[in-house]
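User: I'm new to this one. Can you walk me through it?

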Amino acid sequence: RTQAEIDALAKTSYAATFGSGVVPGGSSLRSAIVDYAYSFLGTPYVYGGASRSGTDCSGLTMQLFGYYGISLGHGCVSQYYASQPISRSELQPGDLVFFQGTYDTTGASHVGIYVGNNMMLHCGDPIQYTSLNSSYWQSHFLAYGRVPAP
């Protein structure tokens with residue numbers, strides 16, 4: 001579906017289903033994904049993980065979008081290339097935030113999901129709510145990305 005179709009569905013009074021997840025009537029797919037993301041707070045970090053018992057950063061975002069039928073690969077680099085680059089002024093809750101140079105690597109090496117108010121949920125250890133204003137994240141910022149809706 002296009003974003004316009006999803007937005008139109010969000011304005012209706014019935015619930016729409018995407019993948020396993022249900023988007024409540026009056027809500028948007030983006031807000032449903034962000035609401036679902038909060039349910040992962042406290043999940044432990046596990047390298048290569050993609051489950052509620054343990055996940056890494058791209059495993060988290062893969063699960064969040066996958067729950068609503070949107071397929072993302074497991075890996076920051078694949079998610080970076082699968083998303084549409086957007087500017088800071090276009091950033092909305094549900095968009096991805098990519099970082100570089102974390103874990104002594106170059107290129108996309110960490111991803112979080114933007115939740116609004118300059119905050120993201122990401123896989124620290126455990127999954128946590130973090131400000132994008134911190135000097136650490138600002139110094140490692142790479143790009144914002146929007147995952148195309150099905």
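Predicted model: local features only at pLDDT ≥ 70, side-chain atom pairs only at ≥ 80, totals over all residues.

User: What about contacts between residues at least 24 apart?
Analyst: Take the contacts between residues at least 6 apart in sequence. Of these, 51% join residues at least 24 apart.

User: OK, on to the helices. Why is α2 called largely enclosed?
Analyst: Helix α2 covers residues 29-38. Seven of its ten residues are buried, so the rest of the structure largely encloses α2.

User: Which ones are buried?
Analyst: In α2, they are Leu29, Arg30, Ala32, Ile33, Val34, Tyr36 and Ala37.

User: How many residues of α3 are buried?
Analyst: Eight of the ten, so α3 is also largely enclosed by the rest of the structure. The buried residues of α3 are Cys57, Ser58, Gly59, Leu60, Thr61, Gln63, Leu64 and Phe65.

User: How do the axes of α2 and α3 cross?
Analyst: They cross at roughly 130 degrees. The axes come within 9 Å. The two helices are therefore oblique to each other.

User: Left-handed or right-handed crossing?
Analyst: α2 passes α3 in a right-handed crossing.

User: Which residues meet there?
Analyst: From α2, Ile33, Tyr36 and Ala37. They meet Gln63, Leu64 and Phe65 in α3. By class, the contact of α2 with α3 has five nonpolar residues, one polar and no charged ones.

User: Let's zoom in on Thr61. Where is it?
Analyst: Thr61 sits in helix α3.

User: Buried or exposed?
Analyst: Thr61 counts as buried, because its relative accessibility is 0%. The cut-off for buried is under 20%.

User: What does Thr61 touch?
Analyst: Leaving out residues up to four places away in sequence, Thr61 touches Leu72, Gln79, Leu96, Val111 and Gly112.

User: And how far is Thr61 from Ile113?
Analyst: Their C-alpha atoms are separated by 7.0 Å. Along the chain, Thr61 and Ile113 are 52 residues apart.

User: What about His74?
Analyst: His74 is in the loop between α3 and α4, where α4 is residues 76-82. His74 is partly exposed, with a relative accessible area of 37%.

User: Which residues does His74 touch?
Analyst: Gly48, Gly49, Ala50, Asp56, Ser58, Gly59 and Met62, not counting residues up to four places away in sequence. The C-alpha atoms of His74 and Thr61 are separated by 8.6 Å. These two residues are 13 apart along the chain.

User: Switching to backbone details. What is phi for Asn117?
Analyst: Asn117 has a positive phi of about 50 degrees, although Asn117 is not a glycine. Asn117 is in the loop between β7 (108-116) and β8.

User: And Asn118?
Analyst: Asn118 is found in the loop between β7 and β8. Phi of Asn118 is near 60 degrees, a positive value in a residue other than glycine.

User: Where is the peptide bond that is cis?
Analyst: From Asp125 to Pro126, with omega near 10 degrees. Pro126 lies in the loop between β8 (119-123) and β9 (127-131).

User: What can you say about Gly124?
Analyst: Gly124 lies in the loop between β8 and β9. At 17% relative accessibility, Gly124 counts as buried.

User: How far is Gly124 from Thr43?
Analyst: The C-alpha atoms of Gly124 and Thr43 are separated by 9.4 Å. Along the chain the two are 81 residues apart.

Methods. Residues numbered from 1 in each chain as written. Heavy atoms only, no water. Buried < 20%, exposed > 50% of the residue type's maximum accessible area, 1.4 Å probe, protein only. Helix = DSSP H or I, 4+ residues; strand = E, 2+ residues; numbered from the N terminus. Axes fitted to C-alpha atoms, helices over the stretch in contact; angles between N-to-C directions. Parallel < 35°, antiparallel > 145°, perpendicular 65-115°, else oblique. Left-handed = near helix turned anticlockwise from the far one by under 90°. Contact = heavy atoms within 4.5 Å. Nonpolar A, V, L, I, M, F, W, Y, C, P; charged D, E, K, R; others polar.
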